[in-house]
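I opened this notebook to keep track of what I looked up, entry by entry, and of what each search returned.

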Amino acid sequence: MGKELKAYIVSKKHHRFRRDFPEYQNLAEEYHRLGLCPKERMTRRFELLSSLETPVLLPDEKICFLRTVRQIPDCFTEDEWAEIRQKHFIHELGYMSNLSPDYERVIRVGLQALYGDADEYGKRVINAILDLTERYRAEAIRAGKTELAKVLGRVPRYGATSFYEALQSFRILHYSLWLEGNYHNTVGRFDKYMYPYLKADMEKGLYTRETALELVEDFFLSFNKDSDLYVGVQQGDNGQSMVLGGVDENGGEVFNLLSELCLEASKNLLMIDPKINLRVSRNTPLRVYELGSELTKAGLGFPQYSNDDVVIDGLVRLGYDPEDARDYVVAACWEFIIPKVGGDVANIGALSFPKVIDVCLHKYLTACETFADFMEKVKAEINAECDRICGNIRDLWFVLSPLMNLMMTGGIYEGGKYNNFGIHGTGIATAADSLAAIRKYIYDEKRFTKAELIEAVDSDFSRHSELLPLLRYEAPKLGNNEDLPDSMAVGLLHTFSESLKDRKNCRGGVYRAGTGSAMFYLWHANEIGASPDGRRKGEPFGTNFSPSLFARLHGPLSVISSFTKPDFREAINGGPLTMEFSASMFQGPDSVHKIAMLVKTFIDMGGHQMQLNAVNTELLKDAQKHPEAHTQLVVRVWGWSAYFVELDKEYQDHVLRRQQYSV
């Protein structure tokens with residue numbers, strides 16, 4: 001790798017090239033005064049920002065383009081946004097996000113080939129990109145970087161003819177999407193569309209494995225140059241998600257030399273981007289799992305695994321064409337989306353399972369004579385909550401993106417080929433464990449009364465305090481391969497999926513149930529008090545699809561046994577089983593093999609998605625006390641990884657409290 005370049009980026013020396021332009025911070029006011037339409041606003045802003053960018057070439061750099069304009073001003077005033085929200089449903093920031101553009105086609109044919117079919121705004125965007133590229137080419141000539149100058153003379157204007165050109169073309173396109181104001185721009189199936197360039201160059205003798213790896217590492221560093229400027233809940237939540245492996249549209253295996261180089265580059269660099277996702281199946285060789293486990297050992301919180309056997313079938317059941325389903329990628333975190341043509345909004349809402357239980361506990365438990373009666377109320381409440389969530393999503397509106405429209409097959413202005421909406425299902429373990437406790441101790445054993453349970457929960461267990469250790473530590477828990485809580489989780493997910501089934505959204509698509517949590521493991525937990533599983537008020541839920549933080553578990557095999565029982569083809573929006581392992585466990589000579597076998601077992605048992613972390617608790621605690629000494633310490637937060645010391649303390653504390661396993 002370029003050690004000088006990495007050190008430059010890690011030390012943030014490149015930040016000195018960034019500039020603020022306060023004279024342009026009120027663009028929205030000017031655009032409003034001129035009465036400009038959304039496409040004109042986006043195009044005019046992109047032209048301005050591109051013109052303000054200063055070409056900078058960093059030491060040792062082969063893949064260039066660096067953000068020097070620090071801030072992107074909004075296209076709309078606050079009053080305009082308020083008016084838009086009165087008429088439309090606005091998702092997150094209102095700009096396009098969580099899409100997987102058709103990098104393959106644009107890199108192959110070049111922007112010039114798209115010019116004739118582009119609308120007036122697309123043409124202007126292309127001109128702005130090519131103008132900035134030409135200024136970078138001039139800077140490369142001035143700096144004596146003749147090879148880079150030659151590459152910039154071809155791409156992205158023309159189709160790439162080499163691996164180097166393809167990588168540089170991607171960087172410019174990816175950079176431009178961010179500069180236009182889109183966010184959570186994913187990478188897609190990188191080894192599928194990029195490998196032909198590498199393969200051809202390797203056959204020509206242009207690269208050895210080592211020199212190809214060096215170029216991939218340089219390319220990976222480009223993802224980390226500007227990521228602190230990208231939109232997210234926290235630094236690191238930027239959506240630069242890369243998918244490797246899996247089957248192609250004809251069912252053949254994709255995993256190749258480039259896949260291996262990506263895993264190795266990520267392990268060597270130890271940086272948070274790009275986030276690696278591995279597509280696997282029952283047919284995936286153990287060696288691939290072992291390569292993935294080597295990366296897990298490095299402590300970055302990836303790769304995340306997705307099971308082709310489950311995901312593809314689940315997507316087809318939802319109406320995706322088989323060839324598109326086989327080509328699925330992972331969105332910013334874990335949601336499954338279709339590259340090139342998909343306009344799905346995979347994280348448009350979230351249902352809190354524990355809140356459903358809390359409502360039913362207080363409104364219906366006393367009157368329900370049997371547990372079956374109570375479960376009917378739970379099912380009705382899930383349906384009512386889905387009614388509320390879906391009913392709030394009307395007339396979805398996004399700021400139109402001319403560049404993203406160019407880079408999606410068939411365009412994206414009016415949506416894509418698929419326009420489905422994903423709904424997270426959060427706190428599954430808290431809800432399942434609560435239901436198991438209610439059935440066991442109230443209806444089956446009659447250990448205490450309904451009134452006593454409600455009083456205990458409402459007082460955060462200051463009343464009937466003897467129930468707290470029973471419910472918290474002795475009651476059945478999801479993750480121990482026990483039929484009672486496991487069946488509750490299966491039933492909750494099935495009810496959730498059935499409630500969303502056959503609903504049509506405002507764009508003509510369907511709704512997809514999922515098992516992810518995102519930041520809702522904190523937000524939803526704060527919406528209710530204590531819960532019948534012994535969770536105290538203010539305590540968060542487990543992240544994603546995982547056991548409760550305080551559950552006493554038998555071990556990782558029992559956890560995957562519990563968490564592979566649902567039929568995930570019904571709940572196919574995504575959301576991984578997340579497991580933490582002590583970093584010390586990886587010191588053994590066969591530790592990587594054991595982890596690989598565990599992941600393979602999970603996939604073979606029908607699990608849909610898995611994400612593993614190697615955690616050093618003492619190191620994390622020291623990092624909280626001495627952040628300056630641990631600037632490169634990486635952890636997994638939910639669907640993304642971040643530098644631990646840059647997280648808010650509530651996220652740091654959640655990482656520290658998670659279950660840790662050994663094998």
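**Entry 1: D327.** I began with D327, which counts as buried at 10% relative accessibility, and I kept in mind that I am reading a predicted model. I placed D327 in the loop between α15 (322-325) and β5 (329-330). Leaving out residues up to four places away in sequence, I found that D327 touches R189, K192, R279, P339 and K340.

**Entry 2: K340 and its partner.** K340 was one of the contacts of D327, and I followed it to a salt bridge with E104, in which the closest N and O atoms are 2.7 Å apart. This pair links distant parts of the chain, with E104 in helix α5 (residues 103-109) and K340 in the loop between β6 (336-337) and β7 (345-352), 236 residues apart. Is E104 buried or partly exposed? I noted that E104 counts as partly exposed because its relative accessibility is 25%, and that K340 is partly exposed with a relative accessible area of 22%.

**Entry 3: further salt bridges.** How many salt bridges does a search of the whole structure find? I recorded 45 of them, and I looked into a few.

- I found the side chains of D344 and R512 meeting in a salt bridge, at 3.6 Å from N to O. D344 lies in the loop between β6 and β7 and R512 in strand β9 (residues 511-513), so this pair ties together parts that are 168 residues apart in sequence. I noted D344 as buried at 3% relative accessibility, and R512 likewise as buried at 1%.
- I found another salt bridge between the side chains of E61 and K225, at 2.3 Å from N to O. This pair also links distant parts of the chain, 164 residues apart, with E61 in the loop between α3 and α4 (78-87) and K225 in the loop between α11 (209-222) and β2 (241-245). E61 is buried with a relative accessible area of 4%, and K225 counts as buried at 0% relative accessibility.
- I also noted a network of salt bridges that links E40, R44, E47 and R124.

**Entry 4: α2 against α3.** R44 of that network turned up again when I listed the residues at which α2 and α3 meet. The axes of helix α2 (residues 27-34) and helix α3 (residues 38-52) come within 11 Å and cross at roughly 135°, which makes α2 oblique to α3. I noted the crossing in which α2 passes α3 as right-handed. On the α2 side I listed L27, A28, Y31, H32 and L34, which meet R41, R44, R45 and L48 in α3. The residues of this contact divide into 5 nonpolar, 1 polar and 3 charged.

**Entry 5: α9 against α10.** I then turned to helix α9 (residues 163-180) and helix α10 (residues 190-203), which pack at an angle of about 150° with their axes 8 Å apart. That angle makes α9 roughly antiparallel to α10, because angles over 145 degrees count as such. F163, Y164, A166, L167 and F170 of α9 make the contact with F190, Y193, M194, Y197, L198 and D201 of α10. By class I recorded 10 nonpolar, no polar and 1 charged residues in this contact.

Entry 6: I placed T296 in helix α13 (residues 286-297), and I noted it as buried at 1% relative accessibility. Not counting residues up to four places away in sequence, T296 touches F302, P303, F586, L612 and A614. I looked at F302 and P303 in turn and found that a cis peptide bond joins them, with omega about 20°. P303 lies in the loop between α13 and β4 (304-307).

**Entry 7: other backbone geometry.** I looked for such cases because most residues other than glycine have a negative phi, and most peptide bonds are trans. The peptide bond from D273 to P274 is also cis, with omega near -10°, and P274 sits in the loop between α12 (257-269) and β3 (275-280). Which value does phi take in D460? I read a positive phi of about 55° there, although D460 is not a glycine, and I placed D460 in the loop between α20 (450-458) and α21 (467-474). H464 is found in the loop between α20 and α21, and its phi is near 55°, a positive value in a residue other than glycine.

Technical notes:
Residues are numbered from 1 along each chain as its sequence is written. This is a predicted model: local features need pLDDT of at least 70, side-chain atom pairs count only at pLDDT 80 or more; totals for chains, interfaces and linings use all residues. Side-chain values use heavy atoms; hydrogens and water are left out. Axes are lines fitted to C-alpha atoms, for helices over the stretch in contact, and angles run from 0 to 180 degrees between N-to-C directions. Helices (H or I, at least four residues) and strands (E, at least two) are DSSP runs, numbered from the N terminus. Angles under 35 degrees count as roughly parallel, over 145 as roughly antiparallel, 65 to 115 as roughly perpendicular and the rest as oblique. A crossing is left-handed if the near helix is turned anticlockwise from the far one by less than a right angle, and right-handed if clockwise. Contact means heavy atoms within 4.5 Å. Ala, Val, Leu, Ile, Met, Phe, Trp, Tyr, Cys and Pro count as nonpolar, Asp, Glu, Lys and Arg as charged, and the others, Gly among them, as polar. A salt bridge is a side-chain nitrogen of Lys or Arg within 4 Å of a carboxyl oxygen of Asp or Glu. Buried means under 20% relative accessible area, exposed over 50%, partly exposed in between (1.4 Å probe, protein chains only).
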